[in-house]
Amino acid sequence: MEKDVNQLAKLAKDKHNENKKFFDKLKKKPPKNLDYIMQDLHENEFRRTDCLNCANCCKTTGPLFTTADIERIAKHLRLKPQQFIDQYLRVDEDKDYVLQNVPCTFLDADNYCLIYEVRPKACREYPHTDRKKFQQISNLTLKNVAICPAAYNIVEEMKKKISL
Ligand code: SF4
Ligand code: SF4
């Protein structure tokens, strides 16, 4: 069942302590087959998730833009990299390039990404739930479960599947 994104922040808040304890244990003793488990959970979840009905990641949080992202997207938009930076990006507290505004400027009214073919690597990989050595991004995942209903569901399934 798809979660109402408006409820998600509260649901995630209620689960925060439980999730934190789980990830603390996971970091200390990750199962040997964690990469396979995550691949499976990720694929199952995204088979039934339609991101076009959601786009909450694009609406509430933006990606960071690598140099390669900036060059690729600027070329696509027929801008010089510096023009693209000046028009759309700012530097955040971690010294990364991020969007000046959310919802993302490149999100259209039907939740389509206007630069889908050349979108940032971070957008392609979000919510990173099929990433290798998933236990290494626990802090990020604890935040993402409040933004992404699919990540929330994947973490709930993880807790059922992995006994620590
Ligand atoms: S670039 Fe596209 S996928 Fe990435 S946040 Fe913007 S609209 Fe979403
Ligand atoms: S990745 Fe998650 S937050 Fe982004 S559109 Fe898909 S389900 Fe929604």
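**Exercise 1.** Determine how helix H2 and helix H8 are oriented where their axes come within 10 Å.

*Solution.* Helices are DSSP runs of H or I with at least four residues, and strands are runs of E with at least two, numbered from the N terminus. Axes are lines fitted to C-alpha atoms, for helices over the stretch in contact, and angles run from 0 to 180 degrees between N-to-C directions. Now classify. Angles under 35 degrees count as roughly parallel, over 145 as roughly antiparallel, 65 to 115 as roughly perpendicular and the rest as oblique. H2 and H8 are therefore oblique to each other.

This is a predicted model: local features need pLDDT of at least 70, side-chain atom pairs count only at pLDDT 80 or more, and totals for chains, interfaces and linings use all residues. Residues are numbered from 1 along each chain as its sequence is written, while chains are lettered from A and ligands numbered from 1 in the order in which they are written.

**Exercise 2.** Find the edge strands of the three-stranded open sheet.

*Solution.* Read the order: E1-E3-E2, with antiparallel pairing. Two strands pair if DSSP finds at least two bridges between them. E1 (64-65) and E2 (89-91) each have a single partner strand, so one side of each is left without a neighbour in the sheet. Check one pair: three bridges join E2 to E3 (residues 97-99). Valine 91 has tyrosine 97 in E3 as its bridge partner.

**Exercise 3.** Locate the backbone exceptions at proline 103, proline 127 and arginine 78.

*Solution.* Recall the rule: most residues other than glycine have a negative phi, and most peptide bonds are trans. The bond joining valine 102 and proline 103 is cis, with omega about -5°. Proline 103 lies in the loop between E3 and H6 (121-125). Tyrosine 126 to proline 127 is also cis, with omega near 5°. Arginine 78 has a positive phi, near 55°; its loop runs between H4 (67-76) and H5 (81-88).
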